[in-house]
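Here is a short tour for anyone who likes to look at the geometry before setting up a calculation. Keep the viewer open and follow along.

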Amino acid sequence: GDGRARARWRRETGGWTEWHRLPRLVHGPDADSVEAAAATPATDLVWTGPSDAVQVEVTGDQRDPVLALLLPRRRAKDALARPATQAHEPGAREEGGVPMPGLYYRRAWNPDPRLRNGRPEYNRRIRQVHVHHTVNSNDYARADVPGLIRAMYRYHTRNLGWSDIGYNFLVDRFGRLWEGRAGGPRRPVRGAHTLGFNHASVGVAAIGNFEDGRVPKAVVRALVRVAAWKLDMYGDRDPRRTVWIKSSGSDKFRYGKLVELPTIDGHRDTNDTACPGGDLYVALPRVRRRTARRMRQFRR
């Protein structure tokens, strides 16, 4: 409806912050997907950092709002996470010449399987890569990453009612690529990352806040490698071009509207959001050029 929400939090040192608008969540399952029926309207996650109190103000037509507080905890095995190889998944495509990048599979961040609800859905092909950011801390340590992903997974499943974490892949500031949504990284798993455009795409989220934060070179390199691999697998040759995609209904494009979009785009191209942050959005032309170069390199 017309509800609005804002929040402030009390730092462990320094007192109360200014009020921050809680952005409306504009990504999620497509309306025609099985998991959409259970999805709950919500705000996006907001990173508070070390705090000992929070105040939330809700205005408009909102009944019984729920405040979700998440604390991404480290576990003893998180520091031992390593990239691994995985057997061929049934139904996976192995066409194309761009190799699969090094990947940390789901077991590396150890999600609670009881939070998942339903089976993966699959697209016919991948025509786009949507780039996101997760709007959390930019100074996390390597061992913090599994806990950060588990927190997002819990919010997406337990609080929002999605079947799994929304993103297909996540990239941390060290350039490590993590498997997000289950169903097989080589397969065209339908995510819940870009409302209205999940049906022909893969969603990759950079862990961090890049609205005003520098984008590490390692993040760009990882985005290039995963984009080149997924697009090459489905026959697309030039990630610098645009594609025409029919919207399945979003806050920005009505159901059935044919939309011209970059093959590698930012979340703001399809939904009313600042995601993936100004600095990362500005870096996308570089990601497209380098992706095209990598695809040509392995097609010779």
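## A cut-off to start with

A residue counts as buried when its relative accessible area is under 20%, as exposed when that area is over 50%, and as partly exposed in between. Glu-211 has a relative accessibility of 37%, so it counts as partly exposed. Please keep in mind that this is a predicted model.

## The chain as a whole

Let's step back to the overall fold. The chain holds four helices and 11 strands. Its C-alpha atoms fill a box of roughly 60 × 45 × 35 Å along the principal axes. A compact globule of 300 residues would have a radius of gyration near 19 Å, and the chain agrees because its own value is 19 Å.

Of the 300 residues, 48% are buried. Among contacts with a separation of 6 or more, 72% join residues 24 or more positions apart. The chain exposes about 15,000 Å², and carbon and sulfur atoms supply 47% of that area.

## Glu-211 and its surroundings

Where does Glu-211 sit? Its place is in the loop between strand E8 (201-206) and helix H3 (217-233). Leaving aside residues up to four places away in sequence, Glu-211 touches His-133, Arg-268, Ala-274, Gly-277, Gly-278 and Asp-279.

## Ser-137, another loop residue

Ser-137 lies in the loop between strand E5 (128-133) and helix H2 (145-159). Is Ser-137 buried or exposed? With a relative accessibility of 11%, Ser-137 falls under the 20% cut-off and therefore counts as buried.

Once residues up to four places away in sequence are set aside, Ser-137 touches Trp-47 and Gly-208. Thr-291 makes a handy reference point: it is 154 residues from Ser-137 in sequence and 27 Å away in space, C-alpha to C-alpha.

Thr-157 has its place in helix H2. Its relative accessibility is 8%, so Thr-157 counts as buried. Not counting residues up to four places away in sequence, Thr-157 touches Leu-115, Trp-162, Ser-163, Asp-164 and Ile-165.

Trp-162 turns up again in the contacts of Ala-39, which also include Pro-29, Leu-160 and Gly-161, with residues up to four places away in sequence not counted. Ala-39 is found in the loop between strand E3 (20-21) and strand E4 (51-59). Ala-39 and Asp-52 are 13 residues apart in sequence, and their C-alpha atoms are 30 Å apart in space.

## The second largest pocket

If you are thinking about pockets, here is one to look at. The second largest pocket has a volume of about 240 Å³. Which residues lie nearest its centre? They are Leu-71, Arg-75, Arg-150, Ala-151 and Arg-154, out of 14 residues in the lining.

By residue class, the lining of this second largest pocket divides into seven nonpolar, two polar and five charged residues.

Conventions
Residues are numbered from 1 along each chain as its sequence is written. This is a predicted model: local features need pLDDT of at least 70, side-chain atom pairs count only at pLDDT 80 or more; totals for chains, interfaces and linings use all residues. Side-chain values use heavy atoms; hydrogens and water are left out. On a 1 Å grid over the protein atoms alone, a cavity is a set of points where a 1.4 Å probe fits but cannot get out, and a pocket is an open set with protein on both sides within 12 Å along at least five of seven lines; lining residues have an atom within 4 Å of a point. Grid points are joined across faces, edges and corners, and a volume is the space filled by probe spheres set on the points. Ala, Val, Leu, Ile, Met, Phe, Trp, Tyr, Cys and Pro count as nonpolar, Asp, Glu, Lys and Arg as charged, and the others, Gly among them, as polar. Helices (H or I, at least four residues) and strands (E, at least two) are DSSP runs, numbered from the N terminus. The radius of gyration is taken over C-alpha atoms; the globule rule is 2.2 Å times the number of residues to the power 0.38. Buried means under 20% relative accessible area, exposed over 50%, partly exposed in between (1.4 Å probe, protein chains only). Contact means heavy atoms within 4.5 Å. Accessible areas come from the Shrake-Rupley method with a 1.4 Å probe; for residues, only the protein chains shown count as cover.
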